[in-house]
Amino acid sequence: MDDKIEWGAIDLEHFDNDSNKLTLINKAYVKYGDISLNAGHIVFNMDSSEVTATPILDSLGKISQKPIYKDKSDEFEAKKIRYNLKSKKAWVEYAAKKEGELTVHGTYGKYLSKDADTINQIDKMFIAGGIITTCDHENPHWGIKATKIKLMPNRLAVFGFSTLEIAGIPLYPLSLPFGMYPIFQGQKSGLILPRNIDYNKDYGIGFKDVGVYFLLNDYIDLKLTSDIYTRGSHALFTTVNYSKRYKYRGSFYLGYVNYFKEQAEVLKPVKSPAFTVRLTHNQDSKANPYQTIGGSLNLQFNNYQKTANNNAYSQLNNVISSNFNFSRTFPGSPFSITAAIKHDQNNSTHAFNVTLPDLNLKMNTIYPFKNNNRTGKEKWYEKINLNYGAQMQNKLNATDTTIFERKTWNDLKSGFKQNASTSAQFTIFKHVNLNFSVAYNENHFFKIIDKKLKDTIYQDSIGVDYLGNTIWETKNGELITDTISGWKVYRQIRPSVTLSTNKYGKILFNKGYIRGIKHKVTWKP
């Protein structure tokens, strides 16, 4: 051996001197250089340098701790592995090997490590009775069944006569005499095989997530997938991911589903189209110290989440929200601006509320008359400060089925308000504090509610008396409520002046337990 051998197990480590064999049971392992073999049961023949690994049965009688082979560049699992540490060759039974999004299953196979290949220095596996699939189950629901497969990890899979197999049933019309499937590491443009074959009693047999992937450039990729069912139901999904180091990262998702479902006593199938738009964007903290933009948008229409996904989270989660923000500070000035798009909706009540946008302008407190280069005592007018702020909002309340109707947008609620204030504090007569402030608020409305009584006076019958005479009640008119469109402004000015003083004093005593009293007198009219 060119390197040291390590081994171990939990339950049993037994060495037979006569046969020169080492037996390991329960979480057994043998490590030789960069090569490791883990299994429930391992027998190591010292004479032939051959390691035989098999699983064990757990307390319930189920197969546990299947053999797993690992080295620097390769890894696979099998029901039985016989590996020779010297020749670097292996015989495997019922192996499963993950290659990117694909899984290659084989009934029997032979493995040659790159150290055993003296010409090309490439790992190779020769598989008989294999199946290539994207299904994650131990017994795949579907795949391409081939009589022979030559697998070169991270490079290529070459197979002989093959046919499409679904649920163990071969579809011989869909057969090929031979084929090749490239296997790449990293991102590459190409076809996306369906991840699952689904059966639904209402929609039929469906192929899920079949499509194409495009790597547009170093910053953007695009994935187009679809779900197709034999009874006409279908779905389309578009996913765009983008990223630029030290700048930003985000994704855009557009989903559309249209499921056809037959109902009793209805000749035509009932359609249930729904769609969603999702956007996430996150700016890197190093991109711009004065400006940030980011957040998430999640808009769903016609109950998309429950229609497209049949899981507990989608059925129980009724509240969906969005929050996308933009902020900007202007260097060298006291002003900053923020804008936000907010949204929330309830899939149970179909309520859909949007704030588009919520715009805020803020000015930090400034002292307009302050002399930064002043020498000497501060002037009284230098203490005057000034504040300013403005806000604009547009709100829309609707349902997820009426959000795009013109009547809904006619009910858009818009408003704008701004406020300014100035204040200062002075000391007069040495001990009196003078505080003054003036606040100015201004509200702009684009719709107002007008309420008034009709000028007409009329009488209304409210019953009869004991003699049979009608009792009349005189009313001054009815209340009329109108919504009037137009620009209206409401202004308010609030001045304030206060005087206050604090007077401190103390009395000291030379004798007794109490040696002094300190007091404060406060006056504020």
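Modeller: Helices (H or I, at least four residues) and strands (E, at least two) are DSSP runs, numbered from the N terminus, and two strands pair if DSSP finds at least two bridges between them. One caution: this is a predicted model, so local features need pLDDT of at least 70, side-chain atom pairs count only at pLDDT 80 or more, and totals for chains, interfaces and linings use all residues. Residues are numbered from 1 along each chain as its sequence is written, and side-chain values use heavy atoms, with hydrogens and water left out.

Biologist: Okay, in which sense do strand 4 and strand 5 pair, and over how many bridges?

Modeller: Antiparallel, over five bridges, with strand 4 at residues 35-45 and strand 5 at residues 50-54. Look for Phe-44 opposite Val-51 in strand 5. The two strands form a hairpin with four residues between them, and Ser-49 in that turn has a positive phi of about 60°.

Biologist: Which residue in strand 10 does Glu-50 stand opposite?

Modeller: Asn-84. Strand 5 pairs with strand 10 (residues 80-84) too, in the antiparallel sense over four bridges. As a rule, side chains in a regular strand alternate between the two faces of the sheet.

Biologist: On to rings. How many aromatic pairs does a search of the whole structure find?

Modeller: Rings of Phe, Tyr and Trp (its six-membered ring) pair if their centres lie within 6.5 Å; planes under 30 degrees apart count as stacked, over 60 as edge-to-face and the rest as tilted. Here the search gives 18 pairs. Phe-301 and Phe-352 have ring centres 5.7 Å apart and planes at 20°, so they are stacked. The pair links distant parts of the chain, with Phe-301 in strand 26 (residues 291-301) and Phe-352 in strand 29 (residues 351-366), 51 residues apart. Elsewhere, ring pairs link Tyr-69, Phe-76, Tyr-83 and Tyr-111 into a cluster.

Biologist: Is Phe-301 buried or exposed?

Modeller: Buried means under 20% relative accessible area, exposed over 50%, partly exposed in between (1.4 Å probe, protein chains only). Phe-301 is buried, and so is Phe-352. Phe-404, on the other hand, is exposed, with a relative accessible area of 62%. Find Phe-404 in the loop between strand 30 (385-399) and helix 3 (406-410).

Biologist: And what lies over the face of Tyr-94?

Modeller: A charge sits over a ring if NZ of Lys or CZ of Arg is within 6 Å of the ring centre and within 35 degrees of the ring normal. For Tyr-94 it's Lys-79, at 5.6 Å from the ring centre. Likewise, the charged end of Lys-370 sits over the ring of Tyr-367, 5.9 Å from its centre.
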